[in-house]
There are 2 protein chains.
Amino acid sequence: MSGPMFQRVALIGIGLIGSSISHAMRRRNLAGTIVGSAKTEKTREIALRLGLVAEVFEDPADAVKGADLVILCVPVGACGEIARRIAPNLAPGCILTDVGSVKAAVIRDVSPHVPPGVHFIPGHPIAGTEHSGPEAGFAELFDNRWCILTPVNGTDKEAVARLRRLWEEMGSNVEIMTAEHHDLVLAITSHVPHLIAYNIVNTAAHLERVTDSEVIKFSAGGFRDFTRIAASDPTMWRDVFLNNKEAVLEMLGRFTEDLTALQRAIRYGEGDTLFRLFSDARAIRRSIIEAGQDTPAPDFGRHQVKSAKPGGSSEK
Amino acid sequence: MSGPMFQRVALIGIGLIGSSISHAMRRRNLAGTIVGSAKTEKTREIALRLGLVAEVFEDPADAVKGADLVILCVPVGACGEIARRIAPNLAPGCILTDVGSVKAAVIRDVSPHVPPGVHFIPGHPIAGTEHSGPEAGFAELFDNRWCILTPVNGTDKEAVARLRRLWEEMGSNVEIMTAEHHDLVLAITSHVPHLIAYNIVNTAAHLERVTDSEVIKFSAGGFRDFTRIAASDPTMWRDVFLNNKEAVLEMLGRFTEDLTALQRAIRYGEGDTLFRLFSDARAIRRSIIEAGQDTPAPDFGRHQVKSAKPGGSSEK
């Protein structure tokens, strides 16, 4: 490549995703200058100290001045108000995008504020960890992960192609779909899984006959996998559920219906039904590993497989 | 230690747990000789080739001859029948134990067959991976994990102390409780989590408006964490649900009740309720890490954090 893809990038919000974008851009020299804004003094101080941004602002409207790319990296519930504040300072021709986990609501909230000549292209990198904040980011977060763009009809094709290339340069595969389809797909692959993870952690915490200390001690039996995803940022997830209500409720309805059938199979001792269903789930797991979206490493053992093993085990 | 703790150990079943026990025993020289039995020719051949056992038998009744420790490492539904078959060959004074995920049903099925003078002490190491079979085991599987023993009233104290020490030497912490309490604790920390993981994978596989390929591609948003635990051995899990019906149905009832309340909070847009609940879940996650039952590594990134990071990120 000859020179950076964008001259001046403004990151509005510098948490896990914002800081990872900075790392990923600097890894490949994709931006001339990266500036940013963050709500708290502490985040601004850390972002400067880590070199995530060259300049940092309290007011997002100051950060976007002269930027040819503005990325909203804030909880989806905050996008509309920020769009309203930055709109007067957006440069003509600039690309405005976001990273929110819900897309129809972001379009509903942001679009009315976007000035003519600014290209608003909603986006969502399907990547993250259970950690939050500017220190949680790393350059490899988007490598081999999918990023979904949901441009509305009539969006400038050239601008979409540029944004697609940016995500590809940051390591992602890119797919384009409608916001409505995105919200449905994510409801089942991400939103409902997070909700039931939060829910079982909550159920476990309120038992009378099993203590919290027992739940914690014996969590290696499966429970800890749920607590991992239930440790994700609460503000972000509150906003996801408030803003993708219809799709989440639809998927939750199906989940509960299926769970009720399973519960019935247990009550009536229908072993064959259980066995068939459990076997099917294994096949899907294999497909995910083949698609490079997870590793086959035996993670329940949690990386304890360090030493050379006596006895010639072929465990990999 | 002076000499091995047991002279001749018989592993009945040589899958993930049986093979890991062999590795863990040989790591610390805990057994004079380890022999075993396995149902399939293939497993017997692999077990010999990997050095997991010195001798292998098709019939468990042959494997237990002269053993001072017999460990049933088979799905809980198979324990009763195996106990019946091996009973005539169990040596007086020998300890008979198991590793099943359900304890009251194992006691119900095995106890009637145990000859006088044989010490039957049910056990359950809370450890595992999503892989199965004799090649899946490794010596570190039990390190810093809990093993629960559920001896019935009147069990020889000396025998319980010996079995406790064995598990400690294999790396575990040991706790003793009643079989009924074990089954309740495991229902919430292990059985229900596995059931809802299987269930959501099933729900996702039967959607009309979202394709399997989309579910797989975008699984990094949370779904893949469920497929990991839903990849566990189907026979083992069928037997768990058939044999811990009451406790699983009780915990499932609570889970569904809590989920219905959460669903209602989403429907009515109760953001504060959602935020409070999501924040509480984070605290439990921290406790699990502090208790050494999981690592704080950002596992959603799935070990992609390899290279030295530019820009001085403090990501650990």
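This is a short tour of how two chains meet in a predicted model.

**Stop 1: both chains**

**Stop 2**

The domain assignment divides chain A into domain 1 (7–177) and domain 2 (181–296). Select each range in turn. The C-alpha centres of these two domains of chain A are 30 Å apart. Where they touch, 15 residues of domain 1 of chain A are in contact with 18 residues of domain 2 of chain A. On the domain 1 side of that contact there are seven nonpolar, six polar and two charged residues.

**Stop 2: the side of chain A that touches chain B**

Bring chain B back. How many residues does the contact take from each chain? It takes 114 residues from chain A and 114 residues from chain B. On chain A, select α1 (16–27), α7 (179–205), α8 (212–217), α9 (223–229), α10 (234–243), α11 (245–267) and α12 (271–290); these are the elements that give two or more residues to the side touching chain B. The one that gives the most is α7(A), with 19 residues. By class, this side of chain A has 56 nonpolar, 32 polar and 26 charged residues.

Two packed helices are described by the angle between their axes and the distance between the axes.

**Stop 3: α11 of both chains**

Select residues 245–267 of chain B, which form helix α11(B), together with α11(A); the axes of the pair are 11 Å apart, at an angle of about 165 degrees. That makes α11(A) roughly antiparallel to α11(B). The crossing is left-handed. Now show side chains. From α11(A), the residues K245(A), V248(A), L249(A), L252(A), T256(A), L259(A), Q263(A), I266(A) and R267(A) meet K245(B), V248(B), L249(B), L252(B), T256(B), L259(B), Q263(B), I266(B) and R267(B) of α11(B). This contact of α11(A) with α11(B) comprises 10 nonpolar, four polar and four charged residues.

**Stop 4: α10(A) and α12(B)**

Keep chain A in view and select α10(A), then residues 271–290 of chain B for α12(B); their axes come within 9 Å and cross at roughly 140 degrees. The two helices are therefore oblique to each other. Here the crossing is right-handed. Select P234(A), T235(A), W237(A), R238(A), F241(A) and L242(A) on α10(A), and G271(B), L274(B), F275(B), F278(B), S279(B) and R282(B) on α12(B), to see the residues that make the contact. They divide into seven nonpolar, three polar and two charged.

**Stop 5: α12(A) and α7(B)**

Last, select α12(A) and residues 179–205 of chain B, helix α7(B). Are the two roughly perpendicular or roughly parallel? Their axes come within 9 Å and cross at roughly 70 degrees, which makes α12(A) roughly perpendicular to α7(B). On α12(A), pick out L277(A), F278(A), D280(A), A281(A) and I284(A), which meet Y198(B), V201(B), N202(B) and A205(B) of α7(B). The contact of α12(A) with α7(B) has seven nonpolar residues, one polar and one charged.

Key. Residues numbered from 1 in each chain as written. Chains lettered and ligands numbered in written order. Predicted model: local features only at pLDDT ≥ 70, side-chain atom pairs only at ≥ 80, totals over all residues. Contact = placed C-beta atoms within 7 Å. Helix = DSSP H or I, 4+ residues; strand = E, 2+ residues; numbered from the N terminus. Nonpolar A, V, L, I, M, F, W, Y, C, P; charged D, E, K, R; others polar. Domains from an automatic or database assignment. Axes fitted to C-alpha atoms, helices over the stretch in contact; angles between N-to-C directions. Parallel < 35°, antiparallel > 145°, perpendicular 65-115°, else oblique. Left-handed = near helix turned anticlockwise from the far one by under 90°.
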